[in-house]
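Have a look at the sequence and the 3D view before reading on.

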Amino acid sequence: LWSPEGWKRIEAQLQAMPLGDREARAFQRAFLKHVYKVTVDAQGRITIPPSLLSLAGLGKEARLQGLMNRIEIWNPERFAGEADAVEGKLEEMAARVMGGRS
């Protein structure tokens, strides 16, 4: 989930991709395939479209994970599996993705 402001930044990045780049167009199609605008009801809830529920393997329970400028919605078991997969690799990952910045 992105806020409207956050989504505008994503849209700007997508629109900046070169129209003549086949890989960029393929990425845009794949990325936007499952994009839905949702609204928040009076009780602060959103309705997740059935296709996304199925894609994410969501049932009665979900895990919300904040990631800086967005919120991810996970099947709790899948999230645990992903978390376990990186356990013990954080230092190596930090060096690679942060380029030595701290």
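Does Asn-75 count as buried or exposed? Keep in mind that this is a predicted model.

## Asn-75, tucked into a loop

Asn-75 counts as buried, because its relative accessibility is 13% and the cut-off for buried is under 20%. You'll find Asn-75 in the loop that links β2 (70-74) to α4 (76-86).

If you skip the neighbours within four places in sequence, Asn-75 is in contact with Ala-56, Gly-57 and Leu-58.

Now slide back to Ala-62, which sits in the loop between α3 (50-56) and β1 (63-67). Its relative accessibility is 47%, so Ala-62 counts as partly exposed.

Which residues does Ala-62 touch, leaving aside those within four places in sequence? They are Ile-73, Trp-74 and Pro-76. As for Thr-47, its C-alpha atom is 13 Å from that of Ala-62, with the two residues 15 apart along the chain.

## The hairpin

β1 and β2 pair up in the antiparallel sense, with five bridges. Together these strands make a hairpin with two residues between them. In that turn, Met-68 has a positive phi of about 55°. Look for Leu-67 too: its bridge partner in β2 is Arg-70.

Terms used. Residues numbered from 1 in each chain as written. Predicted model: local features only at pLDDT ≥ 70, side-chain atom pairs only at ≥ 80, totals over all residues. Heavy atoms only, no water. Helix = DSSP H or I, 4+ residues; strand = E, 2+ residues; numbered from the N terminus. Buried < 20%, exposed > 50% of the residue type's maximum accessible area, 1.4 Å probe, protein only. Contact = heavy atoms within 4.5 Å. Pairing = 2+ DSSP bridges.
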